[in-house]
Every structure is written in structure tokens, then in C-alpha cells.
Amino acid sequence: MLNRIKPLSAFIIPALLLLSSCGENKGTDNAAGNQVMDFPVITIQPQSITLNSRYPATIEGEQNIEIRPKVDGFIEKIYVDEGATVRKGQPLFLINAPQYEQGVRSARATIQIAEAGVNSAQMEVNKIRPLVEKNIISRYQLEGAQFNLETQKAQLAKAKADLVNATTNLGYTEITSPVNGVIGTLPYKIGSLVSSNTAQPLTVVSNITNIYAYFSINEKEALEISGKFNGTSTKASLAAMPPVSLILANGVQFPYPGKIETTSGLINTSTGSISVRANFPNPDNTIRSGSSGVVTIPVTYESAIVIPQKSTFEIQGKRFVYNVQDDGSVVSKPITVLRNNDGQFYIVTEGLSVGDKIAMEGLATLRDGLVIKPVTVNTDSLYQSINK
């Protein structure tokens with residue numbers, strides 16, 4: 001009997017030891033599953049940051065002057081070509097209009113006739129005056145001769161005025177540039193008949209020594225920007241604004257900074273925007289009228305709460321961060337940020353305070369109440385790219 005029990009105990013004891021070993025291994029796996037993970041955390045500190053607001057703009061020259069003929073005739077000569085740079089007073093077109101040359105000759109002949117009439121009337125007055133003084137003829141004859149003299153003088157004056165008008169009209173046959181600028185297209189060629197009623201101008205001369213960039217800002221952005229540059233008047237606020245930059249269509253920044261000069265006095269009710277004009281010098285005539293670009297307005301925020309965009313997440317249109325508590329647990333917290341940003345950082349206006357701690361990365365693996373091991377990130381290295 002004893003011999004039968006002994007072998008049975010030999011099987012039971014190892015089985016109990018195996019079950020005990022499995023229990024210990026299972027407990028070790030749970031501990032590994034609940035292990036606290038490291039997460040990079042930043043402490044909110046006030047920062048100074050400059051953000052560039054970007055606005056698509058259309059560009060026009062300081063002056064875009066349509067060149068139109070004032071007289072009727074055929075284009076005889078074209079002195080310039082499309083895209084040529086011209087100076088004020090430089091000839092552009094010559095219109096063949098012989099009728100105006102004839103008008104000048106006719107006016108000169110009329111002057112000669114009027115001068116002869118004045119001389120004849122003056123001689124009549126000189127002849128009658130001594131006879132009247134000697135009471136040989138009536139004084140009425142002298143007065144009549146003097147009236148005739150005044151009439152002849154008036155006709156002479158009119159003839160001289162007609163000559164001035166005829167000379168002016170003849171001068172219109174040579175069209176000169178009213179400003180320094182660049183020639184646009186030339187829709188009419190030599191031999192074309194043109195007049196003051198021609199629908200299309202002969203060309204357009206663009207004065208691009210300075211260029212105007214026109215763009216629009218919505219009402220909210222305008223209030224935010226004006227709040228940064230308060231002045232006693234609109235003019236003072238504009239004067240306090242920093243220089244603006246212009247990004248050309250090829251993505252290259254224009255080397256000359258500009259200045260915002262004026263804004264429209266009314267808000268467009270259909271778009272809710274304000275029209276703004278910035279002035280840029282263009283000494284090399286690099287930019288032509290009709291170009292496009294992007295105007296950037298720098299706005300500096302002092303002592304702002306700045307956080308990386310990667311430390312936020314969005315749910316149903318609202319932006320959140322994971323706020324790290326003193327016990328290491330994380331809690332999602334809604335925040336409000338400025339719409340304007342530099343693509344890397346947000347400026348927080350509501351939801352965070354100086355000294356708060358937030359998780360910077362790995363947000364997809366976090367959830368409310370999860371305990372983490374915070375690893376503090378050096379904010380100096382984090383924000384070193386700001387304002388560069």
C-alpha cells in the first residue's frame with residue numbers, strides 16, 4: 001500500500017511546482033503592461049514671436065496712362081516698341097493730318113488780313129481827327145472811325161487766337177509720353193486710321209518707378225493688426241506699422257521693402273474685407289504693372305504663450321492639448337489659438353497659463369487619466385527657430 005502512494009506523490013508535487021511557476025510568470029507580464037512610459041513635456045514660458053500674415057496681391061504701376069489721339073488721322077510713324085522704357089516728353093507716335101497744317105497756314109493769313117485792317121482803320125482815324133479838331137467835319141465821323149478801329153483790333157486778336165488753336169491741334173499730331181515709364185502693347189500699326197473716339201488706346205505707358213500692391217484683409221484681421229499699432233489717427237497707425245515684404249510669383253522675395261500707405265474707408269459688405277494699398281520702390285523696373293504677388297505683414301507678439309503645433313490635436317473643430325498634472329497623469333484641455341501662425345507654432349490666447357506643462361509628442365498614444373513619466377524638454381532649443 002505504501003509503495004502505491006509514493007509514486008503518486010512523485011507526480012503531484014512537480015505539477016504543483018509548475019502551476020506556481022506559471023502564476024509567477026503571469027504576474028510579471030501584467031507589471032510590464034502597466035509600465036509607466038516616458039513622454040517629452042514642455043513647461044509653458046512666455047516667448048516673443050513674429051508672425052507674417054500673407055495676402056495675395058495684384059500689382060499696378062504708380063501711373064497707368066492710356067495714350068489716346070486728340071485729332072483724327074492716319075498713324076504715320078511709331079517711334080517706340082512694346083516694352084520699351086521711355087522718358088517724359090519722348091515722341092511716341094506721329095499722326096498724318098494735313099488739315100491741321102492747312103489750318104495753321106490759314107490762321108496766319110487771317111492774321112495778316114486783320115493786321116492790314118487795323119492799319120487801315122488807324123489811318124482813317126488819324127486822317128479824321130485833325131479835321132474834327134478844326135470843326136471841318138462832324139465828331140460823329142471820328143467816333144465811327146474809332147469804332148471801326150476797335151473792330152479791326154478785335155478781329156486781329158481773334159485771328160491770333162485761331163492761330164494758337166491751330167498750332168495746338170497741329171502739335172497733337174505728334175504724341176509724346178506724359179511720364180517716365182514702360183510702353184504696353186501697340187494694337188495699331190502704321191497706316192491705321194485713329195481718332196479721339198477710337199475705343200482702344202494707342203498704348204498704355206506705365207510709370208513703375210514705384211509700384212502699388214493691392215490686397216484685402218478681413219475685418220477680424222484688420223482689428224487684430226490695428227490693435228497692435230494703435231495711433232491717434234488712421235494715418236498715425238499706418239505710420240507705426242513695420243515695413244512689409246513682397247513675394248513675387250516665382251516665390252522669390254522682392255529685395256525692396258514696402259510700406260502700407262492707405263486703407264479703404266469702407267468695409268465691403270459682400271466680402272467683409274477692407275482694401276489695402278502698399279507702396280514699393282521699383283528702381284530697376286523689375287516688376288511690371290499687372291503682376292501678382294503676396295504681401296507679408298510682420299506682427300510681433302511679446303510675452304506670448306507659444307506652443308508647437310505638433311503638441312495639439314483637433315476634435316470636431318476644437319483644438320486640444322494634453323495637460324500634465326502634478327501626479328504625472330494627463331488631461332485633455334481645450335485651447336484657443338490665433339488663426340495666424342508660422343506653420344510650426346501656435347499662439348495660445350485661452351486655455352493655458354505660464355508654468356503649465358503639456359505633452360509635446362506622441363499624443364496618439366495618450367488618453368485622459370493615463371500616467372506618464374514626464375521628460376522635460378529644453379525650451380531654448382525648441383524655440384530657437386522663432387524669428388529667424
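**Entry 1: the whole chain**

I began with the surface, and the accessible area of the protein chain comes to about 23400 Å², of which 53% belongs to carbon and sulfur atoms. I note that this is a predicted model. Of the 388 residues in the protein chain, 34% count as buried, and I listed six helices and 19 strands. Turning to contacts with a separation of 6 or more, I found that residues 24 or more positions apart account for 75% of them in the protein chain.

**Entry 2: nonpolar cores**

Which residues have the most contacts inside the largest nonpolar core? That core has 46 residues, and the ones I was looking for are F215, L246, I260, I297, I307 and L352. Two or more of its residues come from each of strand 2 (46-67), strand 9 (203-218), strand 10 (245-248), strand 12 (273-281), strand 13 (292-308) and strand 17. Strand 13 gives the most to this core, with eight residues. I then noted another core lying apart from it, with 18 residues, among them V80, V86, Y100 and Y188.

Returning to I260, and not counting residues up to four places away in sequence, I found that I260 touches F215, L238, M241, V244, V276, R277, A278 and I297.

**Entry 3: Y346**

I looked up Y346 in strand 17, which covers residues 345-350. Is Y346 buried or exposed? Y346 has a relative accessible area of 11%, which is under the 20% cut-off, and therefore counts as buried. Leaving aside neighbours within four places in sequence, I recorded contacts of Y346 with I305, V306, I307, Q309, T312, R319, V337 and N341. I also checked K310, which is 36 residues from Y346 in sequence and 9.6 Å from Y346 in space, C-alpha to C-alpha.

**Entry 4: helix 2**

Helix 2 (residues 98-133) has 36 residues, and I read a reach of 53 Å from its first C-alpha to its last, close to the 52 Å expected at 1.5 Å a residue. The buried residues of helix 2 are Y100, V104, A107, I111, A114, G117, V118, A121, V125, I128 and V132, and the buried residues of this helix pack against helix 3 (139-171). Just after helix 2, I noted that N135 takes a positive phi of about 60°.

I traced an open sheet of four strands in the order 6-5-3-8, with antiparallel pairing. Strand 6 (174-176) and strand 8 (193-194) stand at the edges with a single partner strand each, so one side of each is left without a neighbour in the sheet. Strand 3 (residues 73-78) and strand 5 (residues 91-96) run antiparallel and are joined by four bridges; at K77, I found L94 of strand 5 standing opposite.

**Entry 5: aromatic pairs**

I counted five aromatic pairs. Why is the pair of Y212 and Y214 edge-to-face? The ring centres of Y212 and Y214 are 6.3 Å apart and the planes stand at 80°, so this pair is edge-to-face. I compared the burial of the two residues: Y212 is buried, with a relative accessible area of 14%, whereas Y214 is partly exposed, with a relative accessible area of 29%. Last, I noted that ring pairs link F313, F320 and Y322 into a cluster.

Technical notes:
Residues numbered from 1 in each chain as written. Predicted model: local features only at pLDDT ≥ 70, side-chain atom pairs only at ≥ 80, totals over all residues. Heavy atoms only, no water. Buried < 20%, exposed > 50% of the residue type's maximum accessible area, 1.4 Å probe, protein only. Contact = heavy atoms within 4.5 Å. Core = buried A, V, L, I, M, F, W, Y, C linked by side-chain atoms within 4.5 Å. Areas by Shrake-Rupley, 256 points an atom, 1.4 Å probe, with all protein chains shown as cover. Expected span 1.5 Å × (residues − 1). Pairing = 2+ DSSP bridges. Phe/Tyr/Trp six-rings, centres within 6.5 Å; stacked < 30°, edge-to-face > 60°.
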